[in-house]
Structures are given as structure tokens and as C-alpha cells.
There are 2 protein chains.
Amino acid sequence: MRTSLLAVVLALVSSAFVLADEGQWPPDQISGLDWTDLKKRGMELLPDDIWDPEGRGLSRAIASLGGCTASFVSPQGLIVSNHHCLFGAVQEHSTPEHDYVRDGFYAAGQSAELPAKGVRLQVLRAFRDVTAKIRAASESAGDDRARTAAIERATKELVAACEERPASRCRVGAYYGGLRYVLFESTEIRDVRLVYAPPRSVGEYGGEEDNWMWPRHTGDFAFARAYVAPDGAPADHSAQNVPYKPERSLKLSTRGVRPGDLVMVFGYPGRTQRYLPAAAIERNVEFWYPRREEVFDEWMTVLEESTRDDPEGAIRVSGQIKSLANGLKNARGMIEGLNRNRVLEGKAAEETALREWVARKVEEEGSAISLLDELNTVYGADADTRERDFLLRYMPVGSKVLGFAQTILRWSREQEKPDIDREPGYQERDRQNRRDRLERAQKNLHAEADRRVLVYFLMRALDLPQDQRITAIDSLFEEALQPGADRRAAAEAHATRLYEETTLTDLESRLALFDTDRATLEKSEDPAIRLALALEPARDAWEEQRKTRQGALARLRPLHSQLLIDWKGGRIYPDANGTLRLSVASVKGYSPRDGVFMLPQTTLSGLLQKETGQEPFRSPTGLLETARAGDHGRWEQENLGSVPVCFLSDADTTGGNSGSPMLNGRGELVGLNFDRVFENIAGDYGWSPDYSRNVSVDVRYLLWILDRVEHADSLLRELGIEPSAP
Amino acid sequence: MRTSLLAVVLALVSSAFVLADEGQWPPDQISGLDWTDLKKRGMELLPDDIWDPEGRGLSRAIASLGGCTASFVSPQGLIVSNHHCLFGAVQEHSTPEHDYVRDGFYAAGQSAELPAKGVRLQVLRAFRDVTAKIRAASESAGDDRARTAAIERATKELVAACEERPASRCRVGAYYGGLRYVLFESTEIRDVRLVYAPPRSVGEYGGEEDNWMWPRHTGDFAFARAYVAPDGAPADHSAQNVPYKPERSLKLSTRGVRPGDLVMVFGYPGRTQRYLPAAAIERNVEFWYPRREEVFDEWMTVLEESTRDDPEGAIRVSGQIKSLANGLKNARGMIEGLNRNRVLEGKAAEETALREWVARKVEEEGSAISLLDELNTVYGADADTRERDFLLRYMPVGSKVLGFAQTILRWSREQEKPDIDREPGYQERDRQNRRDRLERAQKNLHAEADRRVLVYFLMRALDLPQDQRITAIDSLFEEALQPGADRRAAAEAHATRLYEETTLTDLESRLALFDTDRATLEKSEDPAIRLALALEPARDAWEEQRKTRQGALARLRPLHSQLLIDWKGGRIYPDANGTLRLSVASVKGYSPRDGVFMLPQTTLSGLLQKETGQEPFRSPTGLLETARAGDHGRWEQENLGSVPVCFLSDADTTGGNSGSPMLNGRGELVGLNFDRVFENIAGDYGWSPDYSRNVSVDVRYLLWILDRVEHADSLLRELGIEPSAP
């Protein structure tokens, strides 16, 4: 049944894929698209113009920006991304006197640019296939748990060797569930400085209300600049550093897009689940999303109530609330979308067809069928512990203090091992990042809110079903679990004492504990450390379970992918895995429901209609005055009679694509991707021609703001745009 | 400046009007439409096919149905209208055993049809211009108050003479604010019986949530039959009666409509305000709609709270709540729409242009300008008393018991005069209707809710500004108005005693009091009668004020209309006034806001998507099963792949058009108008090509239900439709 790996890879690379706007294509599969058709649709580039192993393609203008995507837009290291991707830097430098969050920021010259602490920019330099080494490790393992360990070790070895080159940041990406492994080598730039951010009322226009929604009128863009040492090598922030000279930078289109135009998204999509069996999706529909919906909603309420009469506290927890609200809407969108798009029915039908094909075509039919069966079993295996696992996962996210304690403890444990044996994420290469995170968390820490969230999770733990108890918590609350006892009072008392006595809420003490040796920590009297220690066995057991499952999947999924590839004649693309991808698309609207059609463009006049003067629909005065005066400069789209603000396309995107450039057929930047529509949240499980739409801010809105509202002439000139007369 | 009336009427009738889907055209202006253009758009009829004074036109198939419109659809007197127009009849016959509201109703043969009490069907027989007589009366009056009296008297005389013909119901309609008066003579049919009504979950699908909304999936239709005496004369309900034979009946189209198709609405639109000066609209935007919004909202809350734990009571007040919710949404739509459509700015600009034209073109410029100024003054004259007037208007609506008392008292007062001198609405010809209303109110009466609403209005009266007090109420609550006194307790106490002691909540006692002589009533100890008596002077004063204002408008508005007609070269149509009108339109969608386009048709598959299984989106099982089985019969629209359910057109409609037939270019029925979109609520003040859209149920949805869901074969055959094989 199995063909050779080489044959697969060749098949993938060489076969002319069915044309579809579905698919997030790795660079080396771009040439396999149907270029004849793309040309008809308006593509003026050749495959090599986009990706070329020698490094001359547009890909050199694309960078990964901590979970987002950015692109270079000047030879002086200027990058553009989403406002929400650079928001941390804006917030970091905001004070009551200089409220850049509220007012926006525009650096008067390079010396005024603001260093963005902890922001890392990675520019892909090269990648190579490392399947052989990882597969060999995988196949040498005696069981599934050992398989995960072997794959992890082989990965760490590859990464370590790769990172011996200075300023390199490397990672291994798995494709088709491990049918293929690729090592990516990027240059990591550590000195990134904020150049321009619009006021939050532009960059987040519509706020949570419009999040995941269309029509949209959000100016979700910001500019930063990458700096390196005078010798060109990446370096920590320093006054001596000079702007980085990217190998390529994107030209901004002044003509924008029209409905029907070909566009491309080039960026770093995080994770999709397009090849998950129906049983695994069903589990998510039944448990994962509903439980997230329930818990996130209650958790948000706890945060809101904790800071109801405390405006300063409310600001501290606002980031968490925003993120929970986003997760909540996502969960709801998933549930609705998986139902609306009949994803489960589709998957089930596909699985039936696959099994029929196996019965007809595959020699080793029995082993193929048992593969499919085992895959379903593995995906369903955690059903018995999922309530407990859910709490183990989210309790240390909810109580940041518990999370700090767990990080510190785990770090100390891993420090006792040789670097190569440490858990991924706890190696030397992760030290700075771990420390940064412990530090950065301070600005969003609100002890009382944190305490109440801990109480909330403790109460949930005390209410777990009998067969999924967390024994460490049961031991702590032995008395409270007696019939008639007051569990809530006990949880409150425990949490109150913990937050009174812990030193982890204090930044200095917390950083001092990081890198403390394990033995000292084990003797610590800090109640947060004690709680984390007590929970360690449960978390370890959960980790073992996950790693065993991971090993099973590393064994089964390549075979499953191979089966799918054989069945579909090579025409499948790999799931997103946080590596560089291209998606080709058209600017187009959609019908979210019967009787309604979403037009693919919004306008400045639409923004004025939406304006209520109240958050989140309150634009800055200057923008409103310019818009109301009809001062469109040259950024108007004639048939709209207004400046285009956002547009829709059917590009295949997911989280991680935030800030990705939207390119026209000439490779010019026509917009920045920043969201998907609500009906497309479930797109992670299956692209839909009807509902898969991403939302981008139109480059002409960005240019109109810089030109007519901000009069940011020097920035415009750096972008190659001549400012209009004032 | 004034041309002769005859010239005006001739100008109106003969000038070829600008083609626009704007305008609700009286029958005798239909021939003045641009028929060359209409033909191009798909009109296959000639003007005389629609209206012909000899009575052969389609107009003979159209009937007025108590605030709605109906049309004859068989030679056996079968009519079709909206479910909500015939709902009273469905409700009247519903019992827990035979819940026709819930389950729908289909008469097994004519003998099973259900008499609809109080339902009157009026078929227009003729009309004639009576301007000369009314204008003469108007011009003979010494002042504005006398003018109203003179016009009322002339009107009553005309009506009385007209109604001497048996079974005639007559009315005088004013056009262009009184530039023209027309006497309408209709045949009134008093025996109307319910033939078919779908379940409420079809007829009101989407409920309050979808009311005024698009997309829509409501099967808002029902059938009834008109009966007359064996000799053909209208008669009260009797077993001897036979089906009425209409002069014309409409053919149902089996082909339905497509986007872009020409359609016509023929019906009885109630009231529009297209020629109101900006100042009058401003007053409504500032006071009338916001106050309605506020009071209706609070009033609904009182009703809901009164019956929170009382399911039977909740049913009793549900009709009131529905009507308040409708009024509330209407008020909000007006406020939003008048702003969105910039009606005020448009009116102000128009007024400026009119004044400029007057300055250039009108000889008696001074009198024209002072006319415009005086008109504004008259419309603004009630500003000083509007808070009080608002309460005087709504208090007896809110407290039905107070309303009964007022009706009974007024009736007794008018009875003392000769019939011709009585207040319109209190003449002999109104006796049956007045009595019917006192009787029918019983089924929606809930004494405790009614009492609480009285308390609510009393509290508002006690809070009136100092210069708008209602002295009768102040006298009643003299003590409670002292500083420190508890007003609410006093209002509660008063209302509690009133509802304990009044006999008006009892149907028998109430009907017994109707027609009691004035002197007896004045001595009554019934506290509701006493309260109504106490309020009489305030209500009389308010009525005097209104009638004086009405007289001023009867003097000014004809001149104003004439000015507009002269200015626009004859191209204006009269405001709706509850008389028969035709509006020509196209099936088309619209963009309610930037980035969104409403498609002009909805489908059965869209209904299935909308279905939640919860009210108001819970369809009957039979309908769902048939729809899910894809059993579309021959009612599918091929390019939609489904049965069309509702459609939009840009017809010029308003309240009163409910149930109006939507006709195609051949005069066949393609749907029934039942609503407007939210953005078109403000359309009463000005038709908008962008937002004026009416909502109709597609005849194919109606036929699909009768054919594939209900298998109502005999009804289909009567409609001239051969049922499909089962």
C-alpha cells in the first residue's frame, strides 16, 4: 500500500493541483499551482518571483512576528503589520501623559522610534527536508511514548545544530501529520521599534462587537522598523544599531483592488485541522467548544466583577477579557459553523467514501481499515479524562500566580538535565523568552481578580465527576468535601491565604525565583509554589498521556495522509503548521444566510454611517473631519465614491495570518489581512467556497490616513508614495 | 397665484408623471403614468384593465378589510389577505380543544367555515369629486374652529346621503390636504367566514424578532369567504346566506416573480406624510417618536411584570404587548430612518428651494411666503401642551377601563344631539361598531395589568411640568402632591379602589351602561366613570385645540399643495388617506448599510437554516418534513433550487397595505404584501429609492403549503390550481 516517500514528495511538488482558492501552499509547492489559470485571473508573476530557493522571491519580504505576520515595505527595514500585532509595544510606552494607545503614535524621525520589548522578527532564510532523520528516530522507538521522545530528541538535535549559526532561529515543521518534516532556518531580529500606530479607535474600530464580523471598518495596521548591529548582525536593542536592510521589500499599490481581482496572502498561518477524522471533530463539537464557551463566559464574569468599581484594575484585566471574549466568540462560531457547514456530515461521507475506495483499490485493505479505526480510537482516547484535563490546562492560565509557580518549578526541574534532554520550551534557547514572559505578565496582573479566578477553578475542580477527580485538590480540601461542608468558603479561604502569603505577585521576587534550583523550591513555603508542587503529579500524568497519544498519531497520521494522497491523486495540501504559506484568492463577497449578501468592500462613507460617537464606534476627530469634508485625496475608488476601508476575499487563512500582506497579481501590497468572518471560524476544519472569507484593511485606507489625516509625509516618502498637497 | 381647481385636477390627471416607483396613485390617476415605460418594464395591461369607472377593472377584485386589504380570488367570494389581518377570527374560534391559532384551520367544505365576528369587507363601487361642496363649506366659516365644524358637517351630509343606498358604506377622502375631496361609495359585506389559516408558527414565523425585518420567511396569508343574502344583498351572518359573487377575481400566478420583474400593489394604504414641512417632522423627531419609544417601552414592562407568574394573564395581554412592541420598533425605525435618510435636511433644502422659486416666480410672493410661515407656526403650535396631550391620548388606551368609561360618556353626550350634529364616530352609523369594540375588548382585558398601567400613567401625570398640568388629576391627588408625600402610594391606592369598585371590567355591566343616558351617567358612583368625567374638560379642551388646528390646516394646506404642484409642474401624488391606490414597482434588493446587500428573495432552504426549534423560529412538523424531504412539487424556482418564500420590491406602501395583492404585469397575483423593511419605516415621510422596500409572501410559498404540506385540494381547485399528485 505504501509508496516511497520520495514519490510522494515528487507527486506533491509536480502534480498540477486542482485550482481552488482552498489551500495554504508551502513555498516549494507554489510552482505546482495551475499557473495557466492563475495568469488568466490576473497573475503577472512567475512562481520564482514568489519563492525561489536562492532567496530572490517575494518571500524574503515576509517575516514572522510572534504569532503574526509582517512584511518589509522599505529598504530601511520598515515593516507593516496589524495594529493588534504591535499593540503590546504601543501599550508598553503609553503613560497618562503620552497615551499612545488612545492617541496613536508617529515617530518624528528614527531617533524617536520606540523599542518594542520582547518583539522578535524572523525572516526565513532556508529550509530543508529532514524527514529521513525524524522518521528514522520515530521508527526506532519501541512504543508510542518512546516515539514522541525520539522525535523530540531528533528535532532538538536538528534545531541545536541549525542554531549554531549566529542569530539563527530554527524549527522543525511536520507536514501531513508527520509524513514529511522540514527544518526552517530564520534570521531572528531582536531590535524592533515602533514607527507608527493609529489611535486604538482606528486600529480596533468596532472593538469586540465587530470582531469576527463583516461589514468592517477597522484600520488594523501599524508600522515598525527592524534594527541590527552596524555589521548587519542581529543584536539586542542598542543605540548603535542601524536599520536592517531586507533582501526584498514590498511596493504598496496605490490602485487597490476591485471585486473579482486576484489576490494572494503570504504569511504564517498557525494551525488548521483539515484532515481530522469525523470522530475527532465530533469530540470538539460535543465537548471542547461548548466547555470553552461555558468556562470562558463565567471566567470573564469573574474578571469583570472583580474590577467593577476599580477602573485601574479594569484596565489591567482588559487584555485577558478581550482574549476570553475572542475565544468565546470563536467557540460559538465553531459550533455554529460546524453545524451550518455540515462539516461532520461531510467528513463522515468522506470517510465512508475513503473506506469504499480502500475496499476496492488497496491491496492491504485490512491494515488500511484498521488504521482508520485505530486513528478514531486514539482521537477519542481522552474522553474519560477530558473534564479533568480541561481544568489542568486552564487553571494555571486563569490564576497567573499558579502559572508562574508552575513555570518556575518546571524550569528548575528541566535545568537539572543536559540541555538536549530538556522538555521543548525549557531549553537554554528558551531562557530569555521564559524570563520575558514572567516579566511582561506584571502589567496585566491584578491580584484580587487572579485570586477570584483561582476560586472559580477550584470550585470547578471540587465539582469534577467522581472518576475524574484531581487527588491533589481533593487532599487539600478533604474537610470541605465532607457532606454539608461549605466548599466555597474553603476555596475562598485557601485562595485568600495563598494570595496574602505568596511572593509571586511581586515582580522582583518572581524573577528572583526563576532559575532557583529545584531542591530549594521543593522546600519553599510559598503557598503558590506548594499548590503547583501538589498539582505536579496530575500534570505529569496528563503530559504522559498526551505524549503517548502524540506518539500514536506520529505513527498513524503519516499512513492516513498517505492513504488520502493516494485516494485523491496527490491533490491535497498540508495543514497549516506555523510555517510560511501562500494562498491565492479573489476579492469577493458572500451570502452568510438566505436573503443576505455581503458586499466585498466597505467605505469611508460607511464608517461615517456606523459612527455612533460611542465606543467602539467613535473615530478620532481629525479622521471624522477629514472624512466628512470628503477630502479623499487620490485614495477614492471612483465607483464607490469613497475611500475603500476593508475588503473580503476567499483566501484560505487562519490565526497567524494576522498582518499578512494581501498582494495583487504583480506582488504589490493591496491590503493587510486581519480577521476572518464569523461564518469562517469553522473554516479551520474545512475550507468552504461559500463561507471562507478573510477580512483585510485596504491599503488605500492606510494611505488615506497617513496622507490626508496624519500628514505623515516622511513615512509616505519612505513607502515610495508622494504625499498630496496639504 | 392660484389656478382654478379644475385646472389642477386636469393637470393631475393628464400630465404624464415622471416615472418612478414612488407614488401611491389614486385610480383616476393611473392612466397618467408613463405607460410606454411601463410596457417596456413588462406591463401587459392597459390602464382601463386596472381601473375603469364602469367597474370592469381589476379594482373590483380589491376590498378593504378593516385596516387591511384583501382580494377576491374566486368567483365564489373567496378572499385572500394576511394571516395577521384575519387573526382575530382565528383567535375568536380557538379553544384548548381546537387551537386554530396554534394548529391552523382548514374548513372541510363551506358549511365548516367559521364566521368572523365584526369583520367587514368593503368593495369600492364608485367615487366622485365633492370638492366644491366641501370647499364651499370651508370657505363660509368665520374662523378655523368653525371651518372644521363646517367641513365635518358637509362631510356627514354627503355620507348620510350616500349611505341611503342599502348596504353602502361611504366616506370622504381629502387629497393634497384638502385641495380635493372625493366621496367613496362601497358595498359593505358583513358576513365573512374563515376558510383557511396556517398555524401561527407559519403565519407569524419570526414573530417580533423578524417584524419589520429582512430576510423574512413568514407565510403571512389566510383565506376567508364573503357571504350575502340569497338575493345578493349584504346581510348579517345567517345560515341562509350564500357566497358573494365578486365582479372580478384575481388569478394566481404559478410562475411567480424574478428579480427585476415589474410588480404592482393594489390596496388601501392608510396614511403618509410626504408633504409635511421640515418643522413638523422635526417636532416628531424631537418629541413624538422619542416619547413613544420611552412610554411604550415602560408600558410593555408594566404589562409583562403584571403577568409574570400568570400564563393565562400573559396570553390576555400578549396582543397589547405585540402592538406596543410593534409601535416601539416603528418609533425606533422612524428615528433611525429620518436620520439615516437625512429627511430633515432634504425637506429643509426643498423648502429653501421652494422659497427661492416663490421669490422668482410667484406674483403674490408675500402671501406665499407668509403661507409657508403660518404653516410652520400651526404645526408647531402644540409644543406647549404636548406632554399633557400625549398623556390625554394614551391614558385611556393604557387603562382600557378608563377608555370604556370615556367611550360610554361620550356616546351618551352625543346621543343628546340630532344625528347630523354628532361627533364623527359617534353617529347612528357607528353604533354597532362601538358596541362591538366594547364587547371584543373583553378577551384581552386583564384587570390587574390594566390597573398597573393606570398607575403608570397617573404617575406620569403627577410628574408633568408645571405649565402642562392636568388639573383634574392634580385635584384628585392634592394631598399626594404635597412635599414629602408618597405619590406612588396615592396612585396605587386610587387605582386599586377604582378597579375594586368599577363594574366596567364586567362585560355585561359594561354593555348595559352603553346607551345609558347622560344624566344617569353623571350621577354614577362608578369610580372609572367618575375619573373619566373629571378628565372630560381637559379632553374637550384638547379636542378644541386640535379642531382649531385642523381648521387652520384645512385653510393652509390646499394653498401649500397648490404651490407645490405649480412648482413641480403637476408631478406630485397625494398622500395616502386610506383610499384605494396603485403602486408600481420592481422586485429588487437593497443595501441597508455599507458592505451589506439584501437579496430580493428568500427560500424554503433559508427557512430551514433559520429554524431553531424555538419560538419564533419553530415551524410545524409537517412543513419541516416536507421541506427537508425536498418535496417542492412544481413550486421551486429553478435558479434558487428551492421554493421562494418572500420577496422584496420597491413598491410604495404603508400601513393599510397589509394583505394587498402583489400583481405581475398581467394582473395575476404573485404575492401578498405584509410588511416593510426597517429602513423603510421612515418612508412615510419620503420615499427613498435606496431604502423603500416592501415585503411580500410569494404566491408559490402559499401554493406549496396548500399543495405539498396541507394537501388542501378543494381550496386549490377553487383557486384554479390543479393539485399535484400526493
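Predicted model: local features only at pLDDT ≥ 70, side-chain atom pairs only at ≥ 80, totals over all residues.

Biologist: Which helices does the salt bridge between A:Arg555 and A:Glu374 tie together?

Modeller: The closest N and O atoms of A:Arg555 and A:Glu374 are 2.9 Å apart. The two residues are 181 residues apart in sequence, so their pairing ties together helix α22 (residues 527-568) and helix α13 (residues 365-380), both of chain A.

Biologist: Is A:Glu374 buried, partly exposed or exposed?

Modeller: Buried would need a relative accessible area under 20%, and exposed one over 50%. A:Glu374 has 30%, so the label is partly exposed.

Biologist: Over in chain B, where is B:Glu423, the partner of B:Arg410?

Modeller: B:Arg410 and B:Glu423 meet through their side chains in a salt bridge, 3.5 Å from N to O. B:Arg410 belongs to helix α15 (residues 400-415) of chain B, and 13 residues separate the pair. That puts B:Glu423 in the loop between α15 and α16 (431-440) of chain B.

Biologist: Is B:Glu423 buried or exposed?

Modeller: The cut-off for buried is under 20% relative accessible area. B:Glu423 has 15%, so this residue counts as buried.

Biologist: How many salt bridges are there over all chains?

Modeller: Some of them share partners: one network in chain A joins A:Glu152, A:Arg410, A:Glu414, A:Lys417, A:Glu423, A:Glu543 and A:Lys547. Over all chains, the count is 150.

Biologist: On to the strands. Which residue of β6(A) is the bridge partner of A:Ala63?

Modeller: A:Ala63 is in strand β1 (residues 62-65) of chain A, pointing the same way as A:Leu65, with A:Ile62 and A:Ser64 pointing the other way and all of them buried. β1(A) runs antiparallel to strand β6 (residues 121-129) of chain A, and two bridges join them. The partner of A:Ala63 there is A:Val123.

Biologist: And what phi does A:Gly66 have in the hairpin turn?

Modeller: β1(A) also pairs with strand β2 (residues 68-72) of chain A, antiparallel over four bridges, and A:Ala63 is bridged to A:Ala70 there. Two residues lie between these strands in the hairpin, and the phi of A:Gly66 is positive, about 45°.

Biologist: What is the distance from A:Val202 to A:Leu623, C-alpha to C-alpha?

Modeller: A:Val202 is in helix α8 (residues 200-203) of chain A, and its relative accessibility of 3% makes it buried. Its contacts beyond four places in sequence include A:Leu623, A:Tyr701 and A:Ile705. Although A:Val202 and A:Leu623 are 421 residues apart in sequence, their C-alpha distance is 8.9 Å.

Biologist: Last one: which residue's backbone oxygen does the side chain of A:Arg700 reach?

Modeller: A:Arg700 is part of helix α25 (residues 699-709) of chain A and is buried at 2% relative accessible area. Among its contacts beyond four places in sequence are A:Thr254, A:Trp635 and A:Pro644. The backbone oxygen that its side chain reaches, at 3.0 Å, belongs to A:Val257.

Technical notes
Residues numbered from 1 in each chain as written. Chains lettered and ligands numbered in written order. Heavy atoms only, no water. Buried < 20%, exposed > 50% of the residue type's maximum accessible area, 1.4 Å probe, protein only. Contact = heavy atoms within 4.5 Å. Pairing = 2+ DSSP bridges. Salt bridge = Lys/Arg side-chain N within 4 Å of Asp/Glu carboxyl O. Polar contact = N/O pair within 3.5 Å; in protein donor to acceptor, adjacent residues only side chain to side chain.
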